[in-house]
Amino acid sequence: MTDDAPELRASDADRERVAEVLRDALAEGRLDMAEFEERLDATYRARTYGELAPLTRDLPVGQVAAPPVPLGKEPAPAGEWAPRIVGGEGTSRGAVAVMSAFQRKGRWTVPRRFTCFSFWGGGELDLREADFAAPEVQIDCWAIMGGVNIVVPPGVEVVVRGIGIMGGFDHSEDGVPGDPGAPRVVVSGFAFWGGVGVERRASRSGRRRRGLHGGNPHGGRELED
């Protein structure tokens with residue numbers, strides 16, 4: 001870390017990490033609403049690590065400090081998921097089904113942001129054998145009198161943020177902890193007279209691999225195709 005690290009510019013991701021710590025502190029009663037609002041406002045106005053650090057210094061969850069400036073290529077994250085977070089661009093950025101259907105499955109690369117639209121139709125996004133362009137990818141689903149089904153492998157964290165009107169988003173897999181180093185899939189969008197489903201299902205090859213390590217560490221039932 002350099003001596004002037006606190007003066008390094010903070011990114012949107014850095015500010016969002018601080019905001020998440022503050023939200024947790026509010027929920028746990030460590031901050032009252034006035035303190036939370038004051039610190040949250042300061043978080044989104046902060047421009048440097050030096051301005052962010054004091055906002056979580058008195059909270060038990062990790063304090064924010066400026067990271068060292070990398071002088072060379074950083075090593076890839078460890079673990080079985082590392083080879084599947086490949087960077088670059090995705091195989092495709094979207095899919096459309098108008099009175100028809102679409103499907104993405106097998107070996108393909110999920111981009112940082114994938115948008116799909118279904119009108120009087122349906123689609124399936126199967127991520128079990130997919131690679132990922134980033135550690136976190138976002139899938140925006142628009143289902144109008146149609147549906148989209150997303151299949152994720154065991155170990156992937158899923159966050160569901162979609163809105164449904166006379167329709168809905170499946171939250172059954174939301175909040176299940178992911179494996180260390182595994183990608184995070186954020187599902188958002190809008191469903192009207194339609195639905196977006198999320199299911200966790202192991203492929204045959206994945207089922208065999210996980211069986212060697214004692215099965216599903218998070219409990220529950222893993223489906224197999």
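Predicted model: local features only at pLDDT ≥ 70, side-chain atom pairs only at ≥ 80, totals over all residues.
Colleague: In which strand does Trp142 lie?

Modeller: Residues are numbered from 1 along each chain as its sequence is written, and side-chain values use heavy atoms, without hydrogens or water. Strands are DSSP runs (E, at least two residues), as are helices (H or I, at least four), both numbered from the N terminus. The one holding Trp142 covers residues 136-144 and is strand E7.

Colleague: What is the relative accessibility of Trp142?

Modeller: The classes are buried (under 20% relative accessible area), exposed (over 50%) and partly exposed in between, with a 1.4 Å probe and protein chains only. Trp142 counts as partly exposed because its relative accessibility is 39%.

Colleague: How much accessible area does the nonpolar patch with Trp142 have?

Modeller: Patch residues have over 30% relative accessible area and no salt bridge; like charges are joined within 9 Å, and nonpolar side chains (Val, Leu, Ile, Met, Phe, Trp, Tyr) within 5 Å. Areas come from the Shrake-Rupley method with a 1.4 Å probe; for residues, only the protein chains shown count as cover. Val96, Val98, Met99, Phe117, Trp120 and Trp142 form this surface patch, and their accessible area together is about 630 Å².

Colleague: Which residue in strand E7 pairs with Arg113?

Modeller: A salt bridge is a side-chain nitrogen of Lys or Arg within 4 Å of a carboxyl oxygen of Asp or Glu. Arg113 forms one with Asp140 at 2.6 Å, N to O. Arg113 lies in strand E4 (residues 113-119), so the bridge ties together parts 27 residues apart in sequence.

Colleague: Which residue meets Arg200 in a salt bridge?

Modeller: Arg200 is buried at 9% relative accessible area. The N to O distance of the bridge is 2.8 Å, and the partner is Glu173. That partner sits in the loop between E11 and E12, while Arg200 is in strand E13 (residues 195-202).

Colleague: How far apart in space are Pro183 and Pro135?

Modeller: Pro183 is in the loop between strand E11 (168-169) and strand E12 (184-192), and is buried at 1% relative accessible area. Beyond four places in sequence, Pro183 touches (heavy atoms within 4.5 Å) residues including Trp81, Phe132 and Pro135. Pro183 and Pro135 are 48 residues apart in sequence, but their C-alpha to C-alpha distance is 4.6 Å.
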